[in-house]
Amino acid sequence: MADEKIVVVVCGAGFATSTAGENEVKKLARELGINVKLNKRRATELKTVLSTMKPDMYLLMTPVTVELNAPKVNGVPFISGIGKDEALEEMRQILTAE
Amino acid sequence: MFDAINKGFQWFTGLGSNGILCVALLIIGLVLGLKIGDAIRSALTATVGFIGLNLIVDMLIAQMSPATMAMVERMHWNLDVVDVGWGLMGMAWGQPASGMVIIALIATNIALIFLRFTKTLMVDFWNYWSFAACAALIYGATRNVVFTVLAACIYMAVSLKWADTVAPKYQEFYGIPGCSWPTGAIIAPAMIGIPVVKLLQKIPVIKDIKADPETMQRRMGIFGEPIVIGAVLGMLIGVIAGYDVRKVLLLGFNMAAVMILLPRMIQIMMEGLITISDQAKEFTAKYMKGREVWIGIDASTIMGNPATMSAILIMTPIVTFMSIIPGNRMLATASLVAVPWFIIGITAYAKENILHICLAAMVVFAIYFWCATAMAGAHTEIAKIVGSELPEGTSLISSLSEGGNPITFILYKILDLLGFVKL
C-alpha cells in the first residue's frame with residue numbers, strides 16, 4: 001500500500017513504557033491504513049540512532065534534550081492519560097503528512 | 001483467625017508459583033472488569049514471562065553460586081551472598097499471597113485518596129512489584145499472610161506520601177504536569193539521596209564542581225552497554241574465582257546473557273500486565289470523580305535526562321566496587337541493571353550536577369547493601385517457596401533493588417524484635 005513510515009519509540013528503560021507507546025502507534029497505523037515500521041531504542045542510544053537512521057517520527061516515552069532529525073511527539077500522555085487525545089492528534093498529523 | 005487465613009494460603013501454595021500467579025492475575029483481571037478472554041490472555045502472558053524470568057534466575061544462581069563460593073575461598077572476601085537482581089520481581093508476583101496483596105494495594109490506594117492522605121493514584125500496576133517485593137520478603141521471613149499484606153500496604157502508603165512531596169518538583173523539572181512517580185524502587189533512594197544532595201550543595205568547593213554529561217557519555221561508549229558490562233563482569237569474576245580460560249569465557253557469556261535476557265522476560269510479563277493495568281485505570285477512574293489526583297506513572301518517563309544517564313554510566317562500575325564495603329556480603333552483579341532506579345529520583349534536586357548525584361547515590365547504595373545483606377535470609381526463604389533452584393551449598397541470595405529497601409528492612413526488623421521472624 002502506501003510506503004512505510006519509520007517510527008522510533010524512545011524509552012528510558014526499554015520495557016515499561018515502550019510497550020504502551022508501541023501499541024498506540026500500531027493502533028493509529030491501523031486506523032489510518034498505513035504501514036509503520038517500529039523501532040524501539042533506549043534514550044542512551046539516541047546518538048547512534050541520529051547517525052544511522054532517518055525516521056519519520058520519534059515517539060518519546062521520556063523527555064530528552066538531544067536535538068532530533070525528525071518530528072517528535074511526547075508519549076508520556078499515553079502513560080498518564082493526561083493529554084492523550086492531543087498526543088494522538090499530533091501523531092496523526094505527522095504520519096499523514098507528505 | 002490468623003490461623004484459618006494462613007491455612008487457606010498454605011493450600012494455595014501447593015499449586016506452585018506458576019499456578020498461583022496465573023490464577024491470581026486471572027481473578028484480579030476479572031474483578032477489575034476484564035472480559036474472560038482478555039483476562040485469560042493477560043494472565044497467561046504474564047505467567048509465561050514469569051516462567052522465563054525464573055529460568056534465567058535459576059541459570060544465574062547455578063552459574064554464580066559456585067563462582068561466588070570459589071571467590072570467597074580464594075580471596076577470603078566475605079561476599080558469600082549471590083545477587084539475583086530483578087529475580088525478586090518473579091518472587092514478588094509468584095509469592096503465595098500475591099493475589100491478596102495486589103487487591104489490598106488497589107483498595108489501600110483508593111482509601112488513602114478518599115482519606116486525603118495522598119493525591120497520588122497509582123494505576124501503573126506494573127510498579128506494584130516494589131510493594132509486592134516487600135510483601136514477599138516479609139512472607140519469607142514470617143510465613144504470615146496478614147503481616148505480608150499489611151507490610152505491602154504500609155510500604156505503599158509511605159511511598160505514596162513521599163511521592164506527593166517530590167511530585168511538584170518533578171512535574172516542573174521534567175515538564176510533565178498532573179503526574180506523580182510513586183515507584184517504590186525510586187522513592188526510597190530519592191528520600192535518602194535528596195537530603196544528601198542538599199547537604200552537598202552547602203559544602204564549599206564541592207558545591208561548585210561541575211561535571212558535564214556530553215564528555216562523560218562519549219568516554220564511556222561501549223562499556224556503558226549492559227551486554228558488555230555483563231561479559232566483562234562475568235569474566236572478571238571467573239578470573240578472581242580461579243577458573244581456567246574456558247570457564248572464564250563461559251561465565252562471561254552467561255552473565256552477558258543474564259543482563260539481556262532478564263529484562264526481556266520482564267518485558268513479556270509486562271505485556272500481560274498492561275491489559276490488567278489499563279483496566280485498573282478505568283476501574284479506579286470511577287472513584288475519582290471530583291478529586292484532584294496525580295496520576296502515578298512509571299519512572300522510566302523521567303530517565304531521559306542527560307545528567308541522569310551519565311550518572312548511571314558512572315555509577316554502574318562504582319557500585320560493583322562498592323561491594324567490598326564493610327558490613328556487606330553481596331557482590332553486586334545482576335542488580336547492576338537496576339542502577340538507573342537509584343539515580344532517577346535525585347537528578348531534579350541535584351540541579352543536574354553529576355558529581356552531586358553520584359556522591360548522593362553512593363550513600364544510597366551503601367544503605368541498600370547493608371539492608372540487602374540483612375534481609376538475605378528472608379530473600380532466600382521466599383526464593384525457595386517460589387520454587388527457585390538453589391544448588392547445594394548455596395547459603396544465601398539477595399538483591400539491591402527492593403532486596404535492600406530500607407523501609408522493608410525497618411518493617412522486617414520490627415517484626416523480628418516482636419518475635420515473628422521464623423528464619
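Helices (H or I, at least four residues) and strands (E, at least two) are DSSP runs, numbered from the N terminus. Residues are numbered from 1 along each chain as its sequence is written, and chains are lettered from A and ligands numbered from 1 in the order in which they are written. The model is predicted: local features need pLDDT of at least 70, side-chain atom pairs count only at pLDDT 80 or more, and totals for chains, interfaces and linings use all residues.

**Exercise 1. Locate His76(B) and Arg143(B), and state whether each is buried or exposed.**

Step 1. His76(B) belongs to the loop between helix 3 (36-75) and strand 1 (81-83) of chain B. Its phi is positive, about 55°, although the residue is not a glycine.

Step 2. Arg143(B) lies in the loop between helix 6 (129-142) and helix 7 (145-174) of chain B. This residue, other than glycine, also has a positive phi, near 55°.

Step 3. The burial criterion counts C-beta atoms placed from the backbone: a residue is buried if 20 or more others lie within 10 Å of its own, exposed if 12 or fewer, and partly exposed in between. His76(B) has 7 other C-beta atoms within 10 Å, so it is exposed. Arg143(B) has 21 other C-beta atoms within 10 Å and is therefore buried.

**Exercise 2. Determine the strand order and pairing of the open sheet in chain A.**

Step 1. Two strands pair if DSSP finds at least two bridges between them. The open sheet has 4 strands in the order 2-1-3-4, with parallel pairing. Its edge strands, each pairing on one side only, are strand 2 (36-42) and strand 4 (72-74) of chain A.

Step 2. Strand 1 (residues 5-11) of chain A pairs with strand 3 (residues 57-60) of chain A over 4 bridges, in the parallel sense. Within strand 3 of chain A, Tyr58(A) stands opposite Val8(A), and Leu59(A) stands opposite Val9(A).

Step 3. Strand 1 of chain A is joined to strand 2 of chain A by 7 bridges, and these strands run parallel. Arg42(A) in strand 2 of chain A is the bridge partner of Cys11(A).

Step 4. Of the 7 residues of strand 1 of chain A, 6 are buried, so this strand is largely enclosed by the rest of the structure.

**Exercise 3. State which strands helix 1 and helix 4 of chain A lie across.**

Step 1. Two residues are in contact if their C-beta atoms, placed from the backbone, lie within 7 Å. Axes are lines fitted to C-alpha atoms, for helices over the stretch in contact, and angles run from 0 to 180 degrees between N-to-C directions.

Step 2. Helix 1 (residues 17-32) of chain A lies across strand 1, strand 2 and strand 3 of chain A, and runs at about 160° to strand 1 of chain A.

Step 3. Helix 4 (residues 84-96) of chain A lies across strand 1, strand 3 and strand 4 of chain A, and runs at about 165° to strand 4 of chain A.

**Exercise 4. Describe the overall dimensions and burial of chain B.**

Step 1. Chain B has 16 helices and 5 strands.

Step 2. Along the principal axes, the C-alpha atoms of chain B fill a box of roughly 55 × 50 × 45 Å.

Step 3. Of the 423 residues of chain B, 57% count as buried. Helix 15 (residues 376-386) of chain B is mostly covered, with 8 of its 11 residues buried; among them are His379(B) and Glu381(B). Gly387(B), with a positive phi near 105°, follows helix 15 of chain B.

**Exercise 5. Characterise the contact between chain A and chain B.**

Step 1. Chain B gives 26 residues to the contact and chain A gives 21 residues.

Step 2. On the side of chain B that touches chain A, helix 11 (245-285) and helix 12 (306-322) of chain B are the elements that give two or more residues. Helix 11 of chain B provides the largest share, 7 residues.

Step 3. This side of chain B divides into 16 nonpolar, 7 polar and 3 charged residues, where Ala, Val, Leu, Ile, Met, Phe, Trp, Tyr, Cys and Pro count as nonpolar, Asp, Glu, Lys and Arg as charged, and the others, Gly among them, as polar.
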